[in-house]
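Trainee: I have a new structure open and would like to learn how to read it. Could we go through some features together?

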Amino acid sequence: MKLTLRIWRQKGPEDRGGMVAYDVPDASADMSFLELLDVLNERLTASGEEPVAFDHDCREGICGACSLVIDGVPHGPQKATTTCQLHLRHFRDGQSIDVEPWRAAAFPVVKDLVVDRSGLDRIIEAGGYVTAPTGAAPEAHATPIPKADADAAFEAATCIGCGACVAACPNGSAMLFTAAKATHLGLLPQGKVEQDTRVDAMIHAHDEADFGGCTNTGECTAVCPKGIPLGVIGRFNADVLGAAWRGR
Amino acid sequence: MKIAMALSGAVLLAYLTAHMLGNLKIFFGESSFDHYAHWLRTIGEPLVPHEGTLWIIRVGLTVSVVVHMAMAILLTRRARRARPVKYVHRPPVQGSYAARTMRWGGVIIALFVVYHLLDLTVGVANPTGAAGKPYTNVTADFEHWYITAIYTVAVVAVGFHLRHGVWSMTRTLGRQRPGTERLMGRVATGYAVLMTAGFLSVPFAVTVGIVG
Amino acid sequence: MADHAAPEGPLAERWERRRLGARLINPANRRRLPVIVVGTGLAGASAAATLAELGHPVVSFCYQDSPRRAHSIAAQGGINAAKNYRGDGDSVARLFKDTIKGGDFRARESNVHRLAELSTQIIDQCVAQGVPFARDYGGLLDTRSFGGAQVSRTFYARGQTGQQLLLGAYQAMSRQVAAGNVTVHARTEMLDLVVVDGRARGVVVRDLVTGEVSTHLAEAVVLATGGYGNAYFLSTNAMGCNASAIWRAHRRGALFANPCFTQIHPTCIPVSGAHQSKLTLMSESLRNDGRVWVPVAGGDTRAPGAIPAAERDYFLERMYPAFGNLVPRDIASRAAKRVCDEGRGVGPGGLGVYLDFADAIERLGAATVEEKYGNLFAMYERITGEDPYTVPMRIFPAVHYTMGGLWVDYDLQSTIPGLFVVGEANFSDHGANRLGASALMQGLADGYFVLPTTLTHYLAAGPFGAVDADDPEVVATEQGVQDRVKRLLAVDGDLSADHFHRELGLLMWEKCGMERDAAGLREALARIPELRAEFWARLRVPGSGAGLNQSLEKAGRVADFLELAELMCLDALHREESCGGHFRAEHQSPGGEAARDDDSFAYVAAWEYTDGPPVLHREPLAFDNVTLATRNYA
Ligand SMILES: Cc1cc2nc3c(=O)[nH]c(=O)nc-3n(C[C@H](O)[C@H](O)[C@H](O)COP(=O)(O)OP(=O)(O)OC[C@H]3O[C@@H](n4cnc5c(N)ncnc54)[C@H](O)[C@@H]3O)c2cc1C
Ligand code: HEM
Ligand code: HEM
Ligand code: SF4
Ligand code: F3S
Ligand code: FES
């Protein structure tokens, strides 16, 4: 099949950047979207041009590296699917597709489609962990955890840290990511103990990293490749308010 | 900031609910409705002076509106800052329209409230403009289809705003758990539909001629 | 060659003895002993978190944009531990035996026993960190069974065990970042090892964003850079997985052990065309209910549903009636390749066999099958566009894991003092074949429990003298890296690095894949140097070395694979036996099974880099606690 890509090219953080159109006449419906870029890059290399820079690693939907906004939608049109798992059979022959990087103040563009997502790491560093020293843990069976809690914690824990939620949110907010992590840890007895300080630290780190405020728009959950439910934000808000209340 | 937004929204919400219910009194006839308007001005008398309680309400409302709008502006500016470069390909709406239209919806409502005050409270924009005779004023209004249209647009905007507003408020205030999420969604929708219907019933009733 | 760190005494007491005998460092002094940890996978992140917790300033590197994206994240199945929660007869001794046997008697007894002992503590540690393992209705941890074991000892978090374990380790490390004890340099690639006075003292890295090449110095260096399966181009590894760090260390003097031991996983989604960039693993558990078959006749292009039962060959059930579709990975993989070589493969290029759930669906009902395998079926459909509920899946073997790696002693120290190697990057615990769910166990054991003892012991013997940035060794090493980057950019030919990588991968898959023979290996050994020469004559890397340049990164990695591949073939050629993942066509039983030669090859092959041909060192393996036996699954 033949596709036309309009891709955001930007030489570096200081460059203004703009869309550039490329034809890929030899695409196949079995290709993944990233393989389409591989094919294009191979051609650009052959003609001496710089290939399009984009983030990717596992190519199986789990590392969270891939990060393309395809026709305005982070990770493209297929629900619950990362860019690397999106295949061209979901596009029409002859279609023209716009490809852009994640856009947010907290995610400055490094080059072309590659952005800096270290803000997400800073949120975790602020409190996204259980203070469990290595080497001297209690017996794993000492604390049974109700299956429902364990399952709900797992659901929240499946977040791959891709940042699509931020890319989709009209406010550039990372609430879904932050709340998913806080929910995962807060639901487990091991993590409950320090939930107050955790959520307080995480929301501050979130705001300091230039992410916007959540107004419950719900775009984030719609694009989240792991389908993290919006409910985690409600729970997180309750925890933040509760922490503030108990802190007084 | 979000909390101020939600709390001020909640005050407006309470007022609006009361207001809608009050408006329904129009179905009980002119005197009932006018009496209600009069009563509004005399609650608490003689403890508080004439229109005292009303003014307290008005002050409360004004404060809420100011806070609410200020917060809306701040949040919007923060959102702009958080996405300094826009997408070239404008993102299609993935979530809900009600959510995506909060800001413009809010502006429409604000404009409407100004007009509405001039219309029914101050009276300058009213076809009759009879002070102390709200029933007359209201019925005079909705004899004209375009005024009905203005109100309809505004009330529908309010409906959307409330649908998302109520739902969002419960979330912001952390009153939602993953389990209660769908329930809350339905409550919000139901509430918004009731409010819209309640408000709309008056102008349509007048226009169609059931009242007046 | 011998493992001088190996403790004496009864097997079960060796680790305890080692711990007792190890030197300690007082907390105040630890602050003055910085450690470099390259890699943030399970092994690297757990090591960084633990060493930092002890009080060492840790400097950590990874090539991804966040430490959380290391390829450990992709592990699906689970992690073994001898907890015996099921009361099904599991024990440390049994896990030890299974692992030694699974490795086809090519691993060290003392290492494997330590691994089995530590397995139980790993689960405790992870639960304390909030890893959401699957639980049963009583709230206790659930387990499942995996290939090569008769007990249920695999702990799991749905199909995302690696992700959850890695997030636990990453979070523990993040906590130390916040405490100021760990400094993370993400998007930074190690390109050489700094060795001063015979000791590993630092690394030369390139910042992938700015292009800047710099040197970091420390008291010791830990490599946790994962496996080298990407030498085959197509594998289940992530696109960025590379051998550069260990290969550079090898060139600086660290011996490379058993490079030819690679594991081929039988259930991967097959190649769909020339554009294919990587292969996706489907969990082994599918073989519990799926039946593997190909048409009896070659070149049968009918749709699978149109082929009557009589014209289907359920070859695993036919060849291995006792184990059927559940034979171990290497055996299933080889059988599949054989039927495809006969021209009976299905799908594009005839590279695939059917994994059919029709019988299971009939027997258990579609709902039960969905409950068990729903997410895997969905993943399969996303990639292939075919619905496995109605059309049989197509699967094919793919390179998955490398048992070989840098040689380390019992302390996980390489032949360069001060250079420790952990996780898949070392060769230590899996012999010639790794059992499912054992790699995660090893990575975490190394990082959380072994290094804190053994690295401390090493550091306590110091200080080893100050090294500064203008030390001639340091300057020369950094200059070497700069020069190499320039060389890669300067070739200015007409072919991309990917082109060479594909070519090398295909060659390795054909000649040094799941079945090898002397003639093929010799061909490869002749071809690889040619390919390398072409690479350095015709490579094209667009752009410059200043700033992000993914073509340049790729070129450097391919250049190293082109050297490593030769050593892999050499090792495969020299090992005149079949064992585990290494199957030499010349050495098989009449029934077509691997024929080991314990008299001649019960050793670890550790290769030394020289300017001439590599030099082989042999570390003999002794089996005092298990009896050498032939694997038999027929
Ligand atoms: C698809 C798949 C499924 C698997 N499933 C299982 C399973 O169910 N159970 C099981 O036990 N095992 C499984 N394995 C094997 C297991 O996941 C790996 O062996 C293990 O995770 C390796 O961990 P590691 O820490 O050694 O390396 P990795 O996790 O690969 O980490 C390597 C780290 O090194 C860094 N790095 C690499 N090169 C450089 C360089 N030059 N400079 C700087 N940094 C560098 C990377 O950035 C990364 O941080 C699976 C493997 C795959 C591929
Ligand atoms: C002046 C015009 C108005 C503007 C610009 C405006 C704007 C907004 C915005 C941007 C939000 C944020 C959405 C969110 O937080 O999820 C919001 C929420 C809300 N608004 Fe308004 N609004 C206006 C008028 C009103 C009025 C008149 C009412 C009362 C009836 C109202 C009730 C609410 C409620 C209840 C919320 C939810 C609060 C929350 O979720 O935090 N708004 N409004
Ligand atoms: C069609 C439906 C509506 C009717 C018939 C109606 C009618 C009235 C009347 C008669 C008054 C004057 C009361 C008095 O001064 O005694 C009034 C006041 C007011 N209305 Fe409405 N209204 C309607 C919808 C709305 C909506 C949708 C809003 C807000 C979003 C609103 C906000 C107000 C406010 C703020 C006042 C001023 C109260 C005061 O301070 O006196 N109204 N309305
Ligand atoms: S919440 Fe979803 S979209 Fe956001 S980072 Fe996690 S996985 Fe990505
Ligand atoms: S889209 Fe944005 S506004 Fe909140 S609900 Fe999601 S973070
Ligand atoms: S490349 Fe890893 S999730 Fe897409």
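This is a predicted model: local features need pLDDT of at least 70, side-chain atom pairs count only at pLDDT 80 or more; totals for chains, interfaces and linings use all residues.

Trainee: Where in chain C is Asn181(C) found?

Mentor: Look at the loop between α6 (161–178) and β6 (182–185) of chain C.

Trainee: Is Asn181(C) buried or exposed?

Mentor: Buried means under 20% relative accessible area. Asn181(C) has 18% relative accessibility, so it counts as buried.

Trainee: Now the metals. Which residues coordinate the iron atom of ligand 3?

Mentor: Two histidines do, His19(B) and His116(B), each through NE2, at 1.9 to 2.1 Å. His19(B) belongs to helix α1 (residues 2–24) of chain B and His116(B) to helix α5 (residues 102–122) of chain B, so the pair ties together parts that are 97 residues apart in sequence. Both His19(B) and His116(B) are buried.

Trainee: How should I read the geometry of such a site?

Mentor: Start from the ideal: six octahedral donors have angles of 90 or 180 degrees at the metal. Around the iron atom of ligand 3, the six donor atoms give angles of 85 to 179°, and the site is octahedral.

Trainee: And why is the arrangement around the iron atom of ligand 2 octahedral?

Mentor: There the six donor atoms subtend angles of 86 to 178°, which makes the arrangement octahedral. His68(B) and His161(B) coordinate this iron through NE2, at 2.0 Å. This pair also links distant parts of the chain, with His68(B) in helix α3 (residues 52–82) of chain B and His161(B) in helix α7 (residues 145–172) of chain B, 93 residues apart. His68(B) counts as buried because its relative accessibility is 16%, and His161(B) is buried at 17%.

Trainee: How many residues surround ligand 3?

Mentor: The count is 20, and Asn23(B), Arg41(B) and Arg58(B) are among the closest. A polar side-chain atom of Arg41(B) lies 2.8 Å from an oxygen atom of ligand 3. Elements giving two or more residues to this shell are α1, α2 (30–42), α5 and α8 (181–208) of chain B.

Trainee: Which element gives the most to the shell around ligand 3?

Mentor: That is α5(B), with seven residues. Sorted by class, the shell has 14 nonpolar, four polar and two charged residues.

Key: Residues are numbered from 1 along each chain as its sequence is written. Chains are lettered from A and ligands numbered from 1 in the order in which they are written. Side-chain values use heavy atoms; hydrogens and water are left out. Helices (H or I, at least four residues) and strands (E, at least two) are DSSP runs, numbered from the N terminus. Buried means under 20% relative accessible area, exposed over 50%, partly exposed in between (1.4 Å probe, protein chains only). Donors are N, O and S atoms within 2.8 Å of the metal (3.2 Å for Na, K and Ca); water is not among the atoms, so sites may look incomplete. Four donors count as tetrahedral if all angles lie between 85 and 135 degrees; four count as square planar and six as octahedral if opposite donors are over 155 degrees apart and all others between 65 and 115; anything else is irregular. A residue is near a molecule or strand if one of its heavy atoms lies within 4 Å of it. A polar contact is a pair of N or O atoms within 3.5 Å; within protein, one must be able to donate a hydrogen and the other to accept it, and residues adjacent in sequence count only if both atoms are side-chain atoms. Ala, Val, Leu, Ile, Met, Phe, Trp, Tyr, Cys and Pro count as nonpolar, Asp, Glu, Lys and Arg as charged, and the others, Gly among them, as polar.
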